[in-house]
2 protein chains.
Amino acid sequence: MADHNALPLVILAEKFASLPGIGMKSAQRLAYYVMSMETEAVEDFAKALIDAKNNVKQCGCCCNLTERDICPICSDSERDSSVICVVESPKDVTAFERTREYNGLYHVLHGLLSPMDGITPDRLRVKELLARIAKGGVEEVIMATNPTVEGDATAMYVAGLLKPLGIKVSRLAFGLPVGGILEYADEVTLYKALENRNNM
Amino acid sequence: MADHNALPLVILAEKFASLPGIGMKSAQRLAYYVMSMETEAVEDFAKALIDAKNNVKQCGCCCNLTERDICPICSDSERDSSVICVVESPKDVTAFERTREYNGLYHVLHGLLSPMDGITPDRLRVKELLARIAKGGVEEVIMATNPTVEGDATAMYVAGLLKPLGIKVSRLAFGLPVGGILEYADEVTLYKALENRNNM
């Protein structure tokens, strides 16, 4: 925004532009939109930012984001505490919960190994996972990181730590997406689908 | 976001999703991103929202958004106050200022006529424009609304009010965009370019 623009608007646009996936043009549009909102709505928005940052923390057990000390999933006695699904981020928990099929617990690593970016195992919540398992009662750990180089490397690394402890470690199945068209599947996915074929 | 998500995060995601052009998925991603920001940065963001809403108002002369009573453009004595460029919104002022070629003043209507959406002339800053012109000194008004049905209708309406006052009213030229390819121009643009052709 040029000099003639009101400074508070320029600052607000810069804040929006600092968020991921929002360019300077969209950020300006959002800043103008805020001007058209009711004062109360803007105050609610500002409060929501502060509230989320101040009141949401990591669950003392699974490291998922929650406003309690122990999240609702970990404190749900009806869930199967012998299975832990290890994911990269809280949004992966949301994705699994949407399936309504998984009844075990989770563990959120808050990242994937990426030595190039300086993300070494001590930057992830691996220590916390090992501490949970040391308490006993866990029979299976499902490595549910993304099927990417970093996701695979992280799954391999964690599996390597858990196997000596006598824990069953599994990995999500890779194959054709349901509803997908074979012709458009990439080679690696098709190879995985072939390799992991099931008896009918 | 499902029930297992921390409520403050759900609320924050909803606030982001209420902004134009941000869907629920992006809103969730932004909410998670806020969690990863430094507390101070989040507080700055919240402050920027409130500051923009509280400290930015409409210029008492041209109705553009500004933190002063009269905006820097209207108070700049080196600008030509005999020409007023009438635009729909503050971001159009930014667009013209970027050309660095226009030295007159502006008038921001804050909308376009759209009877279907209940936007009648009294909802726009037309009264303020007429008051400015009544003070004298204005020789030309350039109608710089978008070349859309609403933009054209608004330009026609305002022109109809100004012409009886003996003010010269002009409209932006429509034609081929510079650097554009004739083959890809739509019929109406091409017709306008033909109709408004200039001698070489």
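Predicted model: local features only at pLDDT ≥ 70, side-chain atom pairs only at ≥ 80, totals over all residues.
User: Where along chain A does Leu182(A) lie?

Analyst: Leu182(A) sits in a loop, with strand 6 (168-171) on one side and helix 7 (187-195) of chain A on the other.

User: What makes Leu176(A), Leu182(A) and Leu190(A) a nonpolar patch?

Analyst: Leu counts among the nonpolar side chains, and these are joined into a patch when they lie within 5 Å and their residues have over 30% relative accessible area and no salt bridge. Together, the three residues have about 250 Å² of accessible area.

User: Now to chain B. How do you know that strand 5 and strand 6 of chain B pair?

Analyst: Count the bridges! Pairing needs at least two bridges, and 4 bridges join strand 5 (residues 140-143) to strand 6 of chain B, so the two strands pair. They run parallel. Val141(B), for example, has Val169(B) in strand 6 as its bridge partner.

User: What makes strand 4 and strand 6 of chain B edge strands?

Analyst: The open sheet has 4 strands in the order 4-3-5-6, with parallel pairing. Strand 4 (104-108) and strand 6 (168-171) of chain B each pair on one side only. Neighbouring strands of this sheet are turned by 25° against each other on average, direction ignored.

User: Which strands does helix 4 of chain B touch?

Analyst: Helix 4 (residues 90-99) packs on the sheet, touching strand 3 (80-87) and strand 4 of chain B.

Note on methods:
Residues numbered from 1 in each chain as written. Chains lettered and ligands numbered in written order. Heavy atoms only, no water. Patch = residues over 30% accessible without salt bridge, like charges linked within 9 Å, V, L, I, M, F, W, Y side chains within 5 Å. Areas by Shrake-Rupley, 256 points an atom, 1.4 Å probe, with all protein chains shown as cover. Salt bridge = Lys/Arg side-chain N within 4 Å of Asp/Glu carboxyl O. Axes fitted to C-alpha atoms, helices over the stretch in contact; angles between N-to-C directions. Contact = heavy atoms within 4.5 Å.
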